[in-house]
Amino acid sequence: MNSIFSKKQLVILSFILVAAIIRLFPHMPNVTPITAMALFSGVYFTNKKFAFIVPLLAMLIADMFLGLYAISIFVYLAFILVGYIGIKSKKISISTILLSSVSFFIITNFGVWLLGYPKTMDGLIECYTLAIPFFRNSIIGDFFFAGIMYFGFEFISKKYLKTI
């Protein structure tokens with residue numbers, strides 16, 4: 001394992017695994033670390049294949065306990081896009097967190113609309129309107145967990161990894 005992952009990459013992997021485990025604990029609806037986990041992975045994993053593979057595997061393992069649903073494919077697609085946002089931006093900031101949150105909201109609720117609402121403009125508007133309270137919770141979770149992951153990693157990097 002040491003040949004595949006450097007010390008820094010192992011710390012990143014640990015952050016991802018902790019975030020995946022946190023998903024399993026009771027929480028307010030949509031206040032989870034998944035968007036932050038995808039953004040964090042895209043920003044910090046040196047090997048960009050791992051930026052997608054590791055968090056997707058962590059999600060899949062957690063979903064084995066939580067259950068897979070028809071909407072899961074849209075969650076995973078949004079998760080991949082958020083990882084890509086992290087790779088391209090190369091940083092975690094207010095704007096990348098907000099862009100990630102909005103992207104996740106649009107993709108996953110489009111899936112909800114496709115799977116459970118009339119395929120009309122009214123159905124689409126109703127779907128997104130009813131999702132607004134969950135979006136508020138998602139933003140709270142995204143900013144909270146992205147902050148914890150970012151500042152936690154920066155602290156560990158400076159103190160123990162000496163990479164910054």
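Which residues is I16 in contact with, leaving aside its neighbours within four places in sequence? In this predicted model, I16 contacts M37, F40, S41, F45, V54, P55, A58 and M149 once those neighbours are set aside. I16 belongs to the largest nonpolar core, a set of 38 residues in which I16, M37, F40, F45 and I92 are those with the most contacts inside the core. At least two residues of this core are supplied by each of α1 (7-22), α2 (34-44), α3 (48-66), α4 (72-89), α5 (94-116) and α6 (121-161), and the greatest contribution, 8 residues, is that of α2.

The packing of α4 against α5 was examined in turn. The axes of these two helices lie 9 Å apart and form an angle of about 160 degrees; because angles over 145 degrees count as roughly antiparallel, α4 is described as roughly antiparallel to α5. The crossing in which α4 passes α5 is right-handed. On the α4 side, the contact involves F74, V75, L77, A78, F79, L81, V82, I85 and S89, which meet T96, L99, S100, S103, F104, I107, T108, G111, L114 and L115 of α5. By residue class, this contact of α4 with α5 comprises 13 nonpolar and 6 polar residues, with no charged residue.

One of the α5 residues in this contact is S100, which has a relative accessibility of 0% and therefore counts as buried, the cut-off for that class being under 20%. With residues up to four places away in sequence not counted, S100 touches V82 and I85, and also T35 and L39; V82 and I85 are among the α4 residues that meet α5.

How values were computed
Residues are numbered from 1 along each chain as its sequence is written. This is a predicted model: local features need pLDDT of at least 70, side-chain atom pairs count only at pLDDT 80 or more; totals for chains, interfaces and linings use all residues. Side-chain values use heavy atoms; hydrogens and water are left out. A nonpolar core is a set of buried Ala, Val, Leu, Ile, Met, Phe, Trp, Tyr and Cys residues joined through side-chain atoms within 4.5 Å. Buried means under 20% relative accessible area, exposed over 50%, partly exposed in between (1.4 Å probe, protein chains only). Helices (H or I, at least four residues) and strands (E, at least two) are DSSP runs, numbered from the N terminus. Contact means heavy atoms within 4.5 Å. Axes are lines fitted to C-alpha atoms, for helices over the stretch in contact, and angles run from 0 to 180 degrees between N-to-C directions. Angles under 35 degrees count as roughly parallel, over 145 as roughly antiparallel, 65 to 115 as roughly perpendicular and the rest as oblique. A crossing is left-handed if the near helix is turned anticlockwise from the far one by less than a right angle, and right-handed if clockwise. Ala, Val, Leu, Ile, Met, Phe, Trp, Tyr, Cys and Pro count as nonpolar, Asp, Glu, Lys and Arg as charged, and the others, Gly among them, as polar.
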